Amino acid sequence: MSEQNSLYSDEGSDDNELSSGDEWLENYNAEVDHGSPDNTPQMANEDDAAPENAERETYEELDIDPFIQITGPSHNLNPNASELEYFKLFFDDNMLEKIVSQTNQYAAQNGPDPLWSDTTRDEISAFIGAFFIS
C-alpha cells in the first residue's frame with residue numbers, strides 16, 4: 001500500500017470503503033454542486049429563488065450614543081489583599097448562599113440518600129476554594 005493510501009484507509013478495511021484520497025475527492029465532487037463552469041454559484045432549486053417582484057428589506061441607520069462609562073476592575077482592594085479577599089469579590093455571601101440552597105434542593109429532588117446531609121456555606125467555600133489552590 002502506498003504512503004498516500006495508508007493515510008486514507010486502514011489496511012484491514014473492506015472493499016466498500018474508500019481507499020485513497022483521490023477516490024474520496026471524486027465522490028465528494030460528484031455529490032456537491034460547485035456551480036457553473038465559470039464558478040458562479042448555482043441555486044440548488046429554482047423554487048428557492050426569490051420572485052423578481054419580491055420586496056427587499058431596507059435598513060435604517062441607527063444613532064447610537066457613544067459608550068462613556070468607566071471600564072475595568074472596580075474594587076477597593078489594596079495591592080496587598082489576601083487570596084480570600086479576591087475570592088470574596090467573585091463569591092460573596094449572597095452567591096454562596098444561592099449555591100448552598102440550589103445544591104441542597106438538587107440533592108432533595110434526586111431522591112433520599114442516607115449518606116447525604118445538607119451542605120453549608122463553609123463547605124461550599126472550601127470546595128470552590130480548593131480549585132484555586134491547585
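This is a predicted model: local features need pLDDT of at least 70, side-chain atom pairs count only at pLDDT 80 or more; totals for chains, interfaces and linings use all residues.
The protein chain is built from 5 helices and 0 strands, giving the pattern α-α-α-α-α when read along the sequence. Of its 134 residues, 11% are buried.

Side chains of opposite charge can pair when their charged atoms come close. In this model, the count comes to 2 salt bridges. One of them pairs D93 with R121, with the closest N and O atoms 3.4 Å apart. D93 belongs to helix α4 (residues 93-109) and R121 to helix α5, so this pair ties together parts that are 28 residues apart in sequence. R121 also forms a salt bridge with E97, where the closest N and O atoms are 3.3 Å apart. Here too helix α4, which holds E97, is tied to helix α5, which holds R121, across 24 residues of sequence. Through shared partners, D93, E97 and R121 form one network. Each member is partly exposed: D93 at 42% relative accessibility, E97 at 40% and R121 at 32%.

Turning to the largest pocket, about 250 Å³ of space lies within it. Of the 13 residues that line this pocket, E83, L84, F87, G129 and F132 are the closest to its centre. Helices α3 (83-90) and α5 (121-133) each supply at least two residues of the lining. By type, the lining residues divide into 7 nonpolar, 2 polar and 4 charged.

Technical notes
Residues are numbered from 1 along each chain as its sequence is written. Side-chain values use heavy atoms; hydrogens and water are left out. On a 1 Å grid over the protein atoms alone, a cavity is a set of points where a 1.4 Å probe fits but cannot get out, and a pocket is an open set with protein on both sides within 12 Å along at least five of seven lines; lining residues have an atom within 4 Å of a point. Grid points are joined across faces, edges and corners, and a volume is the space filled by probe spheres set on the points. Helices (H or I, at least four residues) and strands (E, at least two) are DSSP runs, numbered from the N terminus. Ala, Val, Leu, Ile, Met, Phe, Trp, Tyr, Cys and Pro count as nonpolar, Asp, Glu, Lys and Arg as charged, and the others, Gly among them, as polar. Buried means under 20% relative accessible area, exposed over 50%, partly exposed in between (1.4 Å probe, protein chains only). A salt bridge is a side-chain nitrogen of Lys or Arg within 4 Å of a carboxyl oxygen of Asp or Glu.
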